[in-house]
Amino acid sequence: MTKLCTKCKEVKNVSEFHSNRSTKDGYHGWCKKCSNEIRRGQPKKQYPRSTEPKTCPTCSETKSPGNFWRDKCKLDGLHTECKECARDRLYQRNFGISLSEYSTLLESQMCVCAMCGKDETENNQRLCVDHCHETGKVRGLLCNTCNTGLGLLQDNTQILENGISYLRKHRKE
């Protein structure tokens, strides 16, 4: 099946057009080549990051720009809430705990992963909140590697035990 590109006026195979559900034939009017040329020529909409202190609407504290996530869509280039308030809201929504409860849990684990014992500064990442997907109950804080591993193994203790047996069986001696 062919289609005429309304930009370059060439008849091309429909595989050379992006799909578009809002048109009758299901394809954009311009071919991919023409669309890409136009898109590359347009500068990306980016606002400069502010250097002025900003007030967080949640905690009402005025903080330096480094305390706010970057947001290219905002006029000042910064997220509306400070990092601390945004994290608190995220932990509340996803796990039902506050940032202070996260900090208490982190201190009780001596700032290390509950599984492998790596310090959170070793990975340059905060520890992940590990929770039971069935009950939603928070179990502890894990590094990204351990948290991902548990998730991929479906939190199944039998799979973990089989994996331990497998590794022991094939251990270098």
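Guide: In E10, Leu 142 is the bridge partner of Cys 128. This is a predicted model, in which local features need pLDDT of at least 70, side-chain atom pairs count only at pLDDT 80 or more, and totals for chains, interfaces and linings use all residues. Residues are numbered from 1 along each chain as its sequence is written, and side-chain values use heavy atoms, with hydrogens and water left out.

Visitor: What makes strands E9 and E10 a pair?

Guide: Two strands pair if DSSP finds at least two bridges between them. E9 (residues 128-131) and E10 (residues 138-142) have 4 bridges, in the antiparallel sense. They form a hairpin with 6 residues between them. Gly 136, in the turn, has a positive phi of about 85°. Strands (E, at least two residues) and helices (H or I, at least four) are DSSP runs, numbered from the N terminus.

Visitor: Why is the aromatic pair of Tyr 91 and Tyr 102 called stacked?

Guide: Rings of Phe, Tyr and Trp (its six-membered ring) pair if their centres lie within 6.5 Å; planes under 30 degrees apart count as stacked, over 60 as edge-to-face and the rest as tilted. Tyr 91 and Tyr 102 lie 4.8 Å centre to centre, with 15° between the planes. So the pair is stacked.

Visitor: How do you know that Asp 130 is buried?

Guide: Buried means under 20% relative accessible area, exposed over 50%, partly exposed in between (1.4 Å probe, protein chains only). Asp 130 has 7%, so it counts as buried. Arg 139, at 43%, is partly exposed.

Visitor: What makes Arg 139 and Asp 130 a salt bridge?

Guide: The term needs a side-chain nitrogen of Lys or Arg within 4 Å of a carboxyl oxygen of Asp or Glu. Here the closest N and O atoms are 2.9 Å apart, so the pair qualifies. Asp 155 also forms a salt bridge with Arg 139, at 3.1 Å. Shared partners join Asp 130, Arg 139 and Asp 155 into one network.

Visitor: Why does the charged end of Lys 54 count as sitting over the ring of Phe 68?

Guide: The rule asks for NZ of Lys or CZ of Arg within 6 Å of the ring centre and within 35 degrees of the ring normal. The charged end of Lys 54 is 5.4 Å from the centre of the Phe 68 ring and sits over that ring. Lys 54 also forms a salt bridge with Asp 76, the closest N and O atoms being 2.9 Å apart.
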